[in-house]
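This briefing takes a single protein chain from its overall make-up to a few individual residues. Please read the points below alongside the sequence and the structure.

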Amino acid sequence: MKAVTLLLAAAAFSAQANHDEHDSHGHGAHEHGHGHLNLVLDGKQLMVELQAPAADLVGFEHAARSDEEKARYAEAMTLLKQPDALFRLDPAAGCTLTQQELNVPKEDHDHDHDHDHDHDHDHDHDKAASDHDDHHHDDAGHADLGAMYTYTCETPAKLTGLEATLFGRYPSLEKLSVQGILPTGQTAAELTPSANKLSW
C-alpha cells in the first residue's frame with residue numbers, strides 16, 4: 001500500500017503548493033506555458049507527476065474534433081507514455097519505470113485513460129490522481145493534461161537530480177514549477193529551457 005500512501009502524499013503536497021503559489025488566483029493555477037512537476041522519493045521508489053496546460057502539450061485545449069486534431073492528441077498521449085523522452089535520471093541510480101498513469105480531462109475519457117472516471121461520482125477511490133483535473137475542465141476549456149510515473153531505483157543514493165528534457169518536446173512550455181518530497185526534506189524550484197536541471 002506504500003504506493004497509494006505516496007500518491008496521496010504527493011497529491012496533498014502539490015495541492016497545498018499550488019494553493020500557496022496561486023493564492024491570489026483562487027484555485028486557477030492554469031497558466032499557458034507553465035507546467036508543474038511534483039516528485040516524491042521514498043526509499044527505492046520515485047514518483048514523478050507532470051501537469052501542464054493542454055495548449056502546451058497538444059496545441060489546443062478543446063476536445064479533438066478534426067482528424068488532424070485527433071492525430072495530434074493521440075501523438076501527445078503517446079509521448080506522455082514515454083517519460084524517457086521527457087526526463088533524464090542519472091543512469092547510476094538504476095531507476096526502472098514500474099507504473100504510469102495518464103491524467104486527462106474527463107471530457108476525453110474515451111482516450112487512453114487508465115482508470116474509469118466516466119462518472120463524476122466515481123472518482124473517490126482514485127481521488128489523488130484526479131484531484132487536479134476536477135478543477136481544470138470548465139466550459140472555457142482550460143484543460144490540463146499530465147501523467148504520474150513510478151520508478152524503482154536500485155541505488156537511490158545516486159539519484160541526486162533530474163533533467164527536464166521535455167522542453168525540447170514542448171516549445172511553448174516556458175517554465176516548470178517543481179515541488180518535491182525527498183529523504184532530505186522538501187524542495188522547490190523553477191526550471192526553464194535554459195536551466196532545466198534540478199539537483200538535490
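A residue counts as buried when its relative accessible area is under 20% and as exposed when that area is over 50%. By that cut-off, 48% of the 200 residues of the protein chain are buried. The model is a predicted one, and the values that follow are computed from it.

**Overall make-up**

- The protein chain contains four helices and nine strands, and from the N terminus on its elements follow the order α-β-β-α-α-β-β-α-β-β-β-β-β.

**The open sheet**

- Six strands make up an open sheet with mixed pairing, and their order across the sheet is β4-β5-β2-β1-β7-β8.
- The edges of this sheet are formed by β4 and β8 (185-191), each of which pairs on one side only, while the twist from one strand to the next averages 15 degrees.
- Helix α3 packs on the sheet, where it touches β2, β4 and β5, and the direction of α3 makes about 25 degrees with that of β5.

**The β7-β8 hairpin**

- Strand β7 (residues 175-182) runs antiparallel to β8 and is joined to β8 by seven bridges, and the two strands form a hairpin with two residues between them.
- Two of the bridge partners can be named: Leu 176 is partnered by Leu 191 in β8, and Gln 179 is partnered by Ala 188, also in β8.

- Helix α3 covers residues 67-80, which makes 14 residues, and the span from its first C-alpha to its last is 20 Å, close to the 20 Å expected at 1.5 Å a residue.
- The residues of α3 that are buried are Glu 69, Tyr 73, Ala 76, Met 77, Leu 79 and Leu 80; they lie on the same side of α3 because the arc they cover around the axis is only 160 degrees.

**The aromatic pair**

- The count of aromatic pairs comes to one, and this pair is formed by Phe 87 and Tyr 149, whose rings are edge-to-face, with 6.0 Å centre to centre and 70 degrees between the planes.
- Because Phe 87 belongs to strand β3 (residues 87-89) and Tyr 149 to strand β5, the pair ties together parts of the chain that are 62 residues apart in sequence.
- Both Phe 87 and Tyr 149 are buried.

**Pro 53**

- Pro 53 and Gly 33 are separated by 20 residues in sequence, and the distance between their C-alpha atoms is 7.3 Å.

Terms used: Residues are numbered from 1 along each chain as its sequence is written. This is a predicted model: local features need pLDDT of at least 70, side-chain atom pairs count only at pLDDT 80 or more; totals for chains, interfaces and linings use all residues. Side-chain values use heavy atoms; hydrogens and water are left out. The expected span of a helix is 1.5 Å times one less than its number of residues. Buried means under 20% relative accessible area, exposed over 50%, partly exposed in between (1.4 Å probe, protein chains only). The arc is that of the directions from the helix axis to the C-beta atoms. Two strands pair if DSSP finds at least two bridges between them. Axes are lines fitted to C-alpha atoms, for helices over the stretch in contact, and angles run from 0 to 180 degrees between N-to-C directions. Contact means heavy atoms within 4.5 Å. Rings of Phe, Tyr and Trp (its six-membered ring) pair if their centres lie within 6.5 Å; planes under 30 degrees apart count as stacked, over 60 as edge-to-face and the rest as tilted.
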